[in-house]
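Open the model in your viewer and keep the selection panel at hand. The tour goes from the whole chain to single pairs.

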Amino acid sequence: MSVRERFEFDLKNLRDKLIEIGSLTEIALSKAIDALENQHIEQALEIIDDDNRVDELDEEINDIAILLIAKQQPVAVDLRRIIVAIKISSDIERMADFAVNIAKSTIRIGDEPLVKPIHSIKKMHKIASEMLSLSIKAFNEEDIVLAKKVADMDDQVDELYGETIRDILDLMETKKENSQQLTQLLFICRYIERTADHATNISENIMYLVKGQRYDLNS
């Protein structure tokens, strides 16, 4: 195997692990919202336990990237591919942490009946989850058009976030006895909104990878 072939092999391994960490995180977020809706405490606990694999993958991605830089001394777009992979892995690992945080909030709510249906929270999650999935696809294909689409979707999440927060704050005025649950729902909304922000970060890094310059897609 030539030096270049070895480099391409390791780079593919890096991409494969990014796809895996992205998939695991998408599943964790989906399970977290499902656990919240059904108040499934055991499932919430599983999400917390399963987070170890995401942390391991993040470390593996960093190790591969560091070795590639040390051994191959890549330049230009090859170096950007590796640097961006590290940054994307970090963003995804944070998203997985948000899934864990949602699970912890679900456990804190316990079996107390939900004060309000979580339709808007589920809508926010659906968009944020799609942003994660598409951002990984955009990285794999180095597709800046798709990356821009992901960033544009963040506006939908922000709008839903604002509406949902206002609804919950209004409920806090009339349902003071449920203030603990409503506080946890506020946290959950924030976790999902931040998930979408990290997907936008991934999009910005894809733009940097392809174009070689930084773009602020959150403005």
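What does the accessible surface of the protein come to, and what share of it belongs to carbon and sulfur atoms? About 10800 Å², with 50% belonging to carbon and sulfur atoms (Shrake-Rupley method, 1.4 Å probe; for residues, only the protein chains shown count as cover).

This is a predicted model: local features need pLDDT of at least 70, side-chain atom pairs need 80 or more, and totals for chains, interfaces and linings use all residues. Residues are numbered from 1 along each chain as its sequence is written, and side-chain values use heavy atoms, without hydrogens and water.

Switch to cartoon. You see six helices and zero strands (DSSP runs: H or I of at least four residues, E of at least two, numbered from the N terminus). Of the 219 residues, 48% are buried (buried: under 20% relative accessible area; exposed: over 50%; partly exposed: in between; 1.4 Å probe, protein chains only).

Next, show salt bridges (a Lys or Arg side-chain nitrogen within 4 Å of an Asp or Glu carboxyl oxygen). The count is 17.

Select E60 and K17. Their closest N and O atoms are 2.9 Å apart. E60 sits in helix α2 and K17 in helix α1, 43 residues apart. K17 is buried at 17%; E60 is partly exposed at 26%.

Move to E142 and R81, paired at 2.6 Å between the closest N and O atoms. E142 lies in the loop between α4 and α5 and R81 in helix α3, so the pair ties together parts 61 residues apart in sequence.

Finish on D197 and R194, a salt bridge at 3.0 Å. Both lie in helix α6, three residues apart, about one turn.
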